[in-house]
Amino acid sequence: MKNIPMLINGEWIYGDAEVLLDVENPSTGEIIAQISNASQAHVEEAVRSARRAFESDEWRQWKAFERGQLLIDFAHYIRQHAEEWSLLECRDVGKPLTQARADIEAAARYFEFYGGAADKVMGDTIPIEDGLLNAVVLEPVGITVHIVPWNYPVQITARSVAAAIATGNAVIVKSAEDTPLTTHAITEWLAEKLPTGIFQHITGLGRDVGPYLTSHPDINHITFTGSVPTGIAVMRAAAENVVPVTLELGGKSPNIVFADANMEQALEGVVRAIIQNAGQTCSAGARLLIEESIKDTFLPQLVQKFQAIQVGPGEADMDMGPLLNERQYTKITTLLQQAKKDGYVITGGEPLTIKGYENGFYVQPTILDGVQPNDPLAQEEIFGPVLTVLTFASVEEAITLANSTEYGLVAGVWSQNIDTAHYVASRVQAGQVFINNYGAAGGIQMPFGGYKKSGIGREKGFVALRNYTQMKNIAIRYAPPIQR
């Protein structure tokens, strides 16, 4: 067991041993680390340090390509230590080792991508009139706060931190109390390479530490990934100081399967979209919208695939791992018990006990059928391996069902008819639409974010760099040289 320190003002801060928070391995239930619950004083010191560092001559003298080279070097380091980091992510989150390895590679790609972009964040000139040179300059916003969720800690830390450092900001990361290990690994490397205060890592309970950060008057941007209610609270706190936010919130994403789809591809895509990370994914394909004419053929095959899913501890590298913690486990199993009583469960729906891992938090992957479109099971984010089935008879009905929730993060469309696929993609209210695939290998380069209550702004890709820059317009009047 390891005491994970915070990094504040260049120093490793260990908390009081009597008030440390336990970090559990979801696969086993054992305590694998402990963290501090940061105080308001810790946050104040971190913000002061970040401000000094951001405004220092030392940081101003770092050239854009030098920031980029550091990020690319970090990508190389991550790949060199990929197996070690994958084990950390696997033990911290509980996800199968193969999925953890994919997350580590994605983190490396984020640092590599934004490292390459660092010296390509360019402004513009605007033609006004003769004798006036007008330039648009992009500058760093200042101090950026990154509040990271527990489900993809290494990926989500990397994708926003890399963009913020590439554009020259000072960064404060608040990791999730359940999964701080890989964020700490990122911190260990950056602490040795960046000026004091440019990167800092704070730990603790989100409900305690988050408000200290989101309400701080000297913060310049907040990136938050998490639930809708917490996102609303973050936005309210930021509004008091007129601070911009990037919010990636919940989802209830549909996989829309038409009768002319490639059935095997669609079956595999629907399964992967809901069991990845045990369904604990904002962009999970949590709703199957199936054309009525093929339901009786498609659904039995899908049930067979669900029943064949192997569930076990992350390090055993099976198809699906455990839920994160007892709180998640209790929430999901209680919901499934009620769904069984209501007659909706057609496969799964039960807790699982894995021999040798009796203290882990395992459930069966589950399919619910017969649910009405306005039922909470079809409307609300469950955040577990639970797929809700709905049917449609026409393209327009499919679109209406797809858009019938308050979310709009991702959608999948399965059809070999290019007209149908493009038409549906143009009408679905979602920030990302995948046609005949779902996920696109992590999509490092693709803007990611949601419509409606799925969030504000976009992460990933070049567009995310704008989150961490502010625009300045400079107009220069010049005159003809004096004739001599």
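This is a predicted model: local features need pLDDT of at least 70, side-chain atom pairs count only at pLDDT 80 or more; totals for chains, interfaces and linings use all residues.
Helix α7, residues 181-193, lies across β1 and β5 and runs at about 65 degrees to β1. Helices (H or I, at least four residues) and strands (E, at least two) are DSSP runs, numbered from the N terminus; axes are lines fitted to C-alpha atoms, for helices over the stretch in contact, with angles from 0 to 180 degrees between N-to-C directions. Contact here means heavy atoms within 4.5 Å.

Residues are numbered from 1 along each chain as its sequence is written, and side-chain values use heavy atoms, leaving out hydrogens and water.

Turning to the sheet: three strands form an open sheet in the order β1-β5-β4, with mixed pairing. Because β1 (2-4) and β4 (21-24) each have a single partner strand, they stand at the edges, and one side of each lacks a neighbour in the sheet. From one strand to the next, the twist averages 35 degrees. Strand β5, residues 31-35, pairs with β1 in the parallel sense over three bridges; pairing requires that DSSP find at least two bridges between two strands. Asn3 stands opposite Gln34 in β5.

Next, the interior. A nonpolar core is a set of buried Ala, Val, Leu, Ile, Met, Phe, Trp, Tyr and Cys residues joined through side-chain atoms within 4.5 Å, buried meaning under 20% relative accessible area (1.4 Å probe, protein chains only). In the largest, of 70 residues, Phe111, Leu190 and Ile202 touch the most other members. A second, separate core has 68 residues, among them Phe258 and Phe392.

Conventions
Buried means under 20% relative accessible area, exposed over 50%, partly exposed in between (1.4 Å probe, protein chains only).
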